[in-house]
Amino acid sequence: MPARPSSRNRLYVCSWNVASWPTCSREIISHHSSLHVWLSRHAFDILCLQEVKTRHCVLETSPQLTLSGQGSPVGDSYDTFWAPNRTKTNGGGDSGFNGVATIARKGLTKRACATPLLDENDQPDEELNAEGRCIMTDHGTFVLFNVYVPAGQGSERAPRKMRFLRALRRAMQHARRTRRVPVILAGDMNIARLPKDVCWKWRLMCCDDVWGKSKETSPALATLPPQVAEAVWRAKPAVEAALASKEVSFVPGKKSGNAQQYARADDSYVVRVPTPAGGRVTVGNKFDSEEEVNARLSRMERVVPDAIEGNAPLMIWPPNVLAINHLATLLQAAGVILTEAQQTAMSNSAGRSYSAPCFQSFFNDALLGEDRMVDTFSELHPKSVDRFTCWEQYKNSRYINEGARIDYIVVDQEIFQAARTAGVPLPCASTSRECTGEAAKNACLGRTQAGEQYQPAPFEGGGMPEPPTKCLEQQFRDATTGIVYMPPHFSDHVAVTLLLEWDDPRGEGGVDGAWRGPLPGSIALESDAATRMAQPHKTHRSIRDMFAAAASTGTRKPSVSSQSAKPTPPSSSPPGGVGARAKSTPSGVGARAKPAPPTAAASKPGARKSGIAAMFKAHEAKRTRHEE
């Protein structure tokens, strides 16, 4: 276990998109014997999980999944809070997508809310809250928002994503006003806010930065050898001609009947352009839609109407830009070959993030500018290079470190100024080597001093090879603000961390008024309706335990109508799904708890159900109707 400093108080926060907690937790247990061992070795005080993909009904009945099993070492040490997706499928059940969870050491949390997002009137946005993308926990001296921001930035998804971001910002502003404490925002933001947060070949290059007013003032050409720069400068007409002659081909996916081994599941499109020799070259990889082809290769600005009437349109694609790798292919069609090093130099000099300008502006201008929050990683590791947090798993992109940084821990200035610390250097790097891409790639691979590393899954199938034990050990390091490179077998994301330290032994504000964090065990968890709603595993167990205790003592049970043990969901809770039951669950982690064995009387043929069983069934039915 990483050593805890004895001279200072500290709080170690981790955020991680697990891409399915049932699957991820099974992998953790299979390689580290138990979740308790794994958590103890990392020594996280607060662990924020995104994309847990766990249904409400499964949380109610799976103590191993919720770390709440009776007598469990984890359950005795941590409180867990959940915001599952409560939207419905066509069949009427919970969808099981999205979902966030916050795991905190006992005595660190005051209350929780699984429905914190607010609409324009500062009222709970029931539609957004039902998606299970945000949970708020109050830790006394700060409030933590754990989020999984919607992906996508096309014409259909962009307005809804912006609606979510604004609802999140309102919730954070409301927490600051009403609770009078600073905010920590942790999670998968699905935004690459800086050019360096994107792999060099995916960055966008404005054509004006290549073919501007003069060759001498072009920032992109300034990075190239003179002869190459001259060739690129003269290639502009040929590049425009290639774009005008592009050929777009439809490629059916497996869902459309394509049985080829390496076919994608969904339909896609391939773009080819002519070369001077009469052949054709493919531009980039497959595109998801014709809309994406037009967006990325038309060089036209794209805007979509805002969801709020009267607001300015949302810019989702800037004018006159091309991705670096697309530009290199078009130059190749024009007879100019750029080496990878030359493309990288151009990208580092004048490249832009591929995230929609409207989302970059929200992050950089609204959150970091107007709200004065701090991106802890970029502030404390300003010279880092190629430090990404997510890769495309099906392309094995992690093994060549072509990814993006879209996971963050962002804090209010009050917290950052009082407790900022970088801890130890980033994995596989000394302080002087953080600015090398080689160090970042070694960290992605879990490379050991002996040369062992994670191996990619073969494209012909079979899954990932078993990871070497020494590579698995690379994830366990001393606490720091930075990145924890979780094994690729666990998720397609790695974790981001924040280490806070302060001197006041009381865990409270001192005479200087500086911020201090809470101490484990110093806060009592409240039992308000919102907190109980965020702990479905406790709600379900308390009801069963009540009847089990009554049965064992032979006492009479109170009538259903008079029971007060059942929590009443807050008025902001979305309709439906709270008391639903899944038809089936997978075995192992997340499996349904076995029902109690029937009584002797109930097991006799033709015997009537006991009063306890009948009352429990009636209670459950009424609870479902009430919460829906």
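Me: Leaving aside its neighbours within four places in sequence, which residues is L224 in contact with?
Reply: Before the answer, note that this is a predicted model, in which local features need pLDDT of at least 70 and side-chain atom pairs count only at pLDDT 80 or more, while totals for chains, interfaces and linings use all residues. Residues are numbered from 1 along each chain as its sequence is written, and side-chain values use heavy atoms, with hydrogens and water left out. With those sequence neighbours set aside, L224 touches A229, V232, L338, Q342 and M346, where contact means heavy atoms within 4.5 Å.

Me: And where is L224, and is it buried or exposed?
Reply: L224 sits in the loop between β9 and α7 (226-234), and with a relative accessibility of 8% it counts as buried. Buried means under 20% relative accessible area, exposed means over 50%, and partly exposed is in between, using a 1.4 Å probe and protein chains only. Helices (H or I, at least four residues) and strands (E, at least two) are DSSP runs, numbered from the N terminus.

Me: How far apart are L224 and M346?
Reply: In sequence they are 122 residues apart, yet in space their C-alpha atoms are 7.6 Å apart. M346 is one of the buried residues in α11, along with Q342, Q343, T344, S347 and A350, and what covers the buried residues of that helix includes β9, α7 and α10 (324-333).

Me: New topic: at what angle do α6 and α12 pack?
Reply: Helix α6 (residues 158-179) and helix α12 (residues 357-370) pack at about 10 degrees, with their axes 11 Å apart. Axes are lines fitted to C-alpha atoms, for helices over the stretch in contact, and angles run from 0 to 180 degrees between N-to-C directions. That makes α6 roughly parallel to α12, as angles under 35 degrees count as roughly parallel, over 145 as roughly antiparallel, 65 to 115 as roughly perpendicular and the rest as oblique.

Me: Which residues of α6 and α12 meet there?
Reply: On the α6 side they are A158, K161, M162, L165, R166, R169 and M172, and they meet C358, F359, F362, A366, L367 and E370 in α12.

Me: What about α1 and α2, how do they pack?
Reply: Helix α1 (residues 21-32) and helix α2 (residues 35-42) have their axes 8 Å apart and at an angle of about 85 degrees, and they are therefore roughly perpendicular to each other. In α1, the residues W21, S25, I28, I29 and H32 meet L35, V37 and W38 in α2.

Me: Switching to rings, how many aromatic pairs are there?
Reply: The count comes to nine aromatic pairs, where rings of Phe, Tyr and Trp (its six-membered ring) pair if their centres lie within 6.5 Å, and planes under 30 degrees apart count as stacked, over 60 as edge-to-face and the rest as tilted. In one of them, the rings of W202 and Y354 have centres 6.3 Å apart and planes at 15 degrees, so this pair is stacked. W202 lies in the loop between β8 (183-188) and β9 (204-206) and Y354 in the loop between α11 (340-350) and α12, so the pair ties together parts that are 152 residues apart in sequence.
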